[in-house]
Amino acid sequence: APSALAAQPVPTPDVTLPATIDSPSSYEPQTICDPTARPGSTALKNLLVQTYGPATVYIPRACTSSTSEHFDGRAVDWMHSVRVSAEKAEVDAFLSWLLADGRDGTPKEMARRLGVMYVIWNNRMIRTYDERNRPGWTEYSGCTASSKSSRSYDTSCHRDHVHISLSWDGAAK
């Protein structure tokens with residue numbers, strides 16, 4: 001609901017932002033196994049906790065045979081559920097802030113400043129690195145199918161957390 005979204009805080013940068021805004025991040029897949037939280041990932045985690053209060057936030061994960069920016073410390077999982085209205089409202093407020101155009105019209109200003117490559121949340125994915133070919137939110141991994149509506153798919157469909165992957169520049173802060 002708009003009133004619930006409006007009532008939520010949004011992050012406030014604790015530094016003066018430079019006038020120049022970065023170009024959108026390119027897609028930089030995980031290519032190494034070094035599950036160490038990077039400075040930009042840690043700063044994003046801290047920003048979420050400072051703005052919205054205590055929460056479980058994961059950054060590195062043990063490497064497996066799949067590909068994930070968690071394996072090189074560039075992905076953040078903020079454990080909030082779409083099934084808990086207060087948590088959903090916080091995530092939606094954060095994403096509105098993250099993906100809003102800048103005052104000068106620069107698309108997705110804060111995502112660009114933070115080096116966000118993509119976000120997955122609530123059955124959908126936004127690829128900030130590929131706005132030309134895939135603008136806006138798109139379905140993620142068939143998750144809007146009725147066959148995947150049960151709670152057993154909440155993790156794989158990112159309904160129990162929001163996933164944010166950073167470029168190497170974003171991870172380096």
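The largest pocket of this predicted model holds about 670 Å³ of space. On a 1 Å grid over the protein atoms alone, a pocket is an open set of points with protein on both sides within 12 Å along at least five of seven lines, and lining residues have an atom within 4 Å of a point; the volume is the space filled by probe spheres set on the points, which are joined across faces, edges and corners. Of the 26 lining residues, Val15, Leu17, Ala43, Leu114 and Lys173 lie closest to the pocket centre. H2, H4 and helix H5 (168-172) each give two or more residues to the lining, and the largest share, six residues, comes from H2. Helices (H or I, at least four residues) and strands (E, at least two) are DSSP runs numbered from the N terminus.

As for conventions, residues are numbered from 1 along each chain as its sequence is written, and side-chain values use heavy atoms, with hydrogens and water left out. Local features need pLDDT of at least 70 and side-chain atom pairs count only at pLDDT 80 or more, while totals for chains, interfaces and linings use all residues.

Turning to the sheet, six strands form an open, antiparallel arrangement in the order S1-S2-S6-S3-S4-S5, where pairing requires at least two DSSP bridges. Strand S1 (57-58) and strand S5 (137-139) are the edges, each pairing on one side only. H2 packs on the sheet through S1, S2 and S6, and its direction makes about 20 degrees with that of S2; H3 touches S2, S3, S4, S5 and S6, at about 155 degrees to S3. Contact means heavy atoms within 4.5 Å, and the angles, from 0 to 180 degrees, are between N-to-C directions of lines fitted to C-alpha atoms, for helices over the stretch in contact.

S2 makes two bridges with S1, including the one between Val57 and Trp78, and four with S6, where Asp77 stands opposite His163. Both faces of S2 are covered: Ala75 and Asp77 on one side, and Val76 and Trp78 on the other, are all buried (under 20% relative accessible area with a 1.4 Å probe, protein chains only).

Trp78 also belongs to the largest nonpolar core, where Trp78, Phe94, Leu95, Leu98, Val119, Val162 and Ile164 touch the most other members among 25 residues. Such a core is a set of buried Ala, Val, Leu, Ile, Met, Phe, Trp, Tyr and Cys residues joined through side-chain atoms within 4.5 Å. H3 gives the most, with seven residues. Beyond its neighbours within four places in sequence, Val119 is in contact with residues including Leu95, Met125, Trp137 and Ile164.

Key
Buried means under 20% relative accessible area, exposed over 50%, partly exposed in between (1.4 Å probe, protein chains only). On a 1 Å grid over the protein atoms alone, a cavity is a set of points where a 1.4 Å probe fits but cannot get out, and a pocket is an open set with protein on both sides within 12 Å along at least five of seven lines; lining residues have an atom within 4 Å of a point.
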